[in-house]
Amino acid sequence: MQQADRDTDTDSAVYWEKHYSRLDTRWGTKPNIVLKDLVADLAPTPGAALDLGCGHGGDAIWLAAIGWDVTAVDVARTALDRVAEGARAAGVSDRVHPVRHDLARTFPEGEFGLVSASYFHTPVEIPRVQVLRRAAEAVAPDGLLVVVEHASAAPWSSHVGPDVRFPTAQESLDSLQLGEGWHTERCDAPRRTATGPQGQTATVTDNVIALRRTG
């Protein structure tokens, strides 16, 4: 048994299993519109992709549908089972590979033309910046690293306390300390209308970081 499959009792695994067991299976099954735009503009040729914190697989299944071969990673087995089911229903199960990792402990092997971390946040303490640096290491030459993260909290969010200060997009980029060999394709903080699990809406801000590996 791989180490990734043994990490079933970590704090992250316990928390996210409970979270997904209570969550509507339809939640998170649509792709992130920011990721869709970035892929269309910056990575139009499909290859191997890595989706970190894939949840119910909206991004992974969409990427597979346009030709990418996607490794979809989450700590929650419940989420991964739903990704596999969604991929079968969409006819792309041959291009979606759900894999369980507690990314604070283990990380998938290989290089990828696209590595995406969309809303990779958790109330469980993990070395998030180190995980994102490891994600950058997995980007192949000329590949793209995409990080889309919350820069504000929606009113219905249960994962973020009211006094949390969110970093700016530039602060998040600087924290990665990637050095030379990278070109910043995008680093900004657009606003959008978010829809909550009960259909409620709110205006929120995201940090959007897209980096091209040049070296």
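This is a predicted model: local features need pLDDT of at least 70, side-chain atom pairs count only at pLDDT 80 or more; totals for chains, interfaces and linings use all residues.
Residues are numbered from 1 along each chain as its sequence is written, and side-chain values use heavy atoms, with hydrogens and water left out.

A nonpolar core is a set of buried Ala, Val, Leu, Ile, Met, Phe, Trp, Tyr and Cys residues joined through side-chain atoms within 4.5 Å. Buried stands for under 20% relative accessible area, exposed for over 50%, and partly exposed for what lies in between (1.4 Å probe, protein chains only). The largest such core has 27 residues, and those with the most contacts inside it are Leu63, Trp68 and Leu114. Two or more residues each come from α3 (33–42), α4 (58–65), β2 (69–74), α5 (77–90), β5 (139–150) and β8 (201–213). These labels follow DSSP runs, numbered from the N terminus: helices are H or I with at least four residues, strands are E with at least two. A second, separate core has 22 residues, including Val115, Ala117, Leu132 and Ala138.

Contact here means heavy atoms within 4.5 Å. Leaving aside residues up to four places away in sequence, leucine 114 touches Val39, Ala48, Ala49, Leu50, Leu63, Trp68, Leu144 and Val146.

Helix α5 also packs against helix α2 (residues 11–22), at an angle of about 50° and with the axes 7 Å apart. The axes are lines fitted to C-alpha atoms, for helices over the stretch in contact, and angles run from 0 to 180 degrees between N-to-C directions. Angles under 35 degrees count as roughly parallel, over 145 as roughly antiparallel, 65 to 115 as roughly perpendicular and the rest as oblique; α2 and α5 are therefore oblique to each other. On the α2 side the residues are Glu17, Tyr20 and Ser21, which meet Arg77, Thr78, Ala79 and Arg82 of α5. They divide into two nonpolar, two polar and three charged (nonpolar: Ala, Val, Leu, Ile, Met, Phe, Trp, Tyr, Cys and Pro; charged: Asp, Glu, Lys and Arg; polar: the others, Gly among them).

Arg82 has a further partner, histidine 56, and a polar contact of 3.0 Å joins their side chains. A polar contact is a pair of N or O atoms within 3.5 Å; within protein, one must be able to donate a hydrogen and the other to accept it, and residues adjacent in sequence count only if both atoms are side-chain atoms. Histidine 56 lies in the loop between β1 (48–52) and α4, and is buried at 4% relative accessible area.

Threonine 10, in the loop between α1 (3–6) and α2, is also buried, at 6%. Its side chain makes a polar contact of 2.8 Å with that of aspartate 102.

Tyrosine 119, between β4 (112–118) and α6 (128–137), is partly exposed at 24% relative accessibility. Its phi is positive, about 55°, although tyrosine 119 is not a glycine. Glutamine 177, in the loop between α7 (169–176) and β6 (182–188), has a positive phi near 50° and is exposed at 62%. Glutamate 180 lies in the loop between α7 and β6 and is exposed at 80%. Its C-alpha atom is separated by 8.6 Å from that of threonine 214, 34 residues apart along the chain.
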